[in-house]
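Hello,

Here is the structure for you to look at. My notes on it follow below.

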Amino acid sequence: MATSQIETVSTGADKAKLAAAVVLLLAGFVAFYLLAQQPTLVRWAALLVALAAAVGVFFTAEAGKQLTAYGRDSVREVKKVVWPSRKEAMQMTAYVFAFVFVMSLFLWFTDKTLEWVLYDLVLRWR
């Protein structure tokens with residue numbers, strides 16, 4: 001696992017940054033709809049600029065820094081995984097398919113046996 005320390009203390013500045021990011025995001029959506037008379041390119045540009053600004057502000061806050069650290073730790077952990085070779089993956093897939101086939105035959109046989117016992121022998125419906 002990751003060795004980085006996680007602290008849940010947030011300052012007023014971090015809360016202000018997160019609030020500013022939310023306001024920028026909402027401002028982008030509002031601008032997109034308020035600029036309905038403008039060309040589509042202008043509307044999308046306003047939305048994307050506001051979105052980029054919101055993301056930039058978010059990543060300067062402590063929550064954004066923690067998210068970045070989590071991403072780095074995740075990539076580091078994925079690099080430690082020993083992936084199976086193609087042959088091993090094909091063998092395991094074949095085992096799974098064989099098990100599913102055998103299990104489906106078993107369940108079908110059990111179902112038909114119970115159907116025969118209940119409907120033919122017990123209830124005499126056939």
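**Salt bridges**

The model is a predicted one, and the count of salt bridges in it comes to three. In one of them the side chains of Arg76 and Asp73 meet, at 3.0 Å from N to O. Both Arg76 and Asp73 belong to helix H3, where they sit three residues apart, about one turn of the helix. As a general point, side chains of opposite charge can pair when their charged atoms come close.

**Helix packing**

H1 and H2 pack with their axes 8 Å apart, at an angle of about 175°. Angles over 145 degrees count as roughly antiparallel, so H1 is roughly antiparallel to H2. On the H1 side, the residues in contact include Leu18, Leu24, Leu25, Phe29 and Phe32. On the H2 side, they include Trp44, Leu47, Leu51, Val57 and Phe58. The residues of this contact divide into 18 nonpolar, two polar and two charged; Lys17 of H1 and Arg43 of H2 are among those that meet there.

**Surface patch**

A nonpolar patch lies on the surface, made of Val22, Leu25, Leu26, Phe29, Trp44, Leu48, Leu51, Val55, Phe59, Leu67 and Tyr70. Together these residues have about 1000 Å² of accessible area. Helices H1 (12–34), H2 (40–60) and H3 (62–80) each give two or more residues to the patch. H2 gives the most, with five residues. Leu26, another member of the patch, has its place in helix H1. Leu25, Phe29, Trp44 and Leu51 are listed both in the patch and in the contact of H1 with H2.

Regards

Note on methods. Residues numbered from 1 in each chain as written. Predicted model: local features only at pLDDT ≥ 70, side-chain atom pairs only at ≥ 80, totals over all residues. Heavy atoms only, no water. Patch = residues over 30% accessible without salt bridge, like charges linked within 9 Å, V, L, I, M, F, W, Y side chains within 5 Å. Areas by Shrake-Rupley, 256 points an atom, 1.4 Å probe, with all protein chains shown as cover. Salt bridge = Lys/Arg side-chain N within 4 Å of Asp/Glu carboxyl O. Helix = DSSP H or I, 4+ residues; strand = E, 2+ residues; numbered from the N terminus. Axes fitted to C-alpha atoms, helices over the stretch in contact; angles between N-to-C directions. Parallel < 35°, antiparallel > 145°, perpendicular 65-115°, else oblique. Contact = heavy atoms within 4.5 Å. Nonpolar A, V, L, I, M, F, W, Y, C, P; charged D, E, K, R; others polar.
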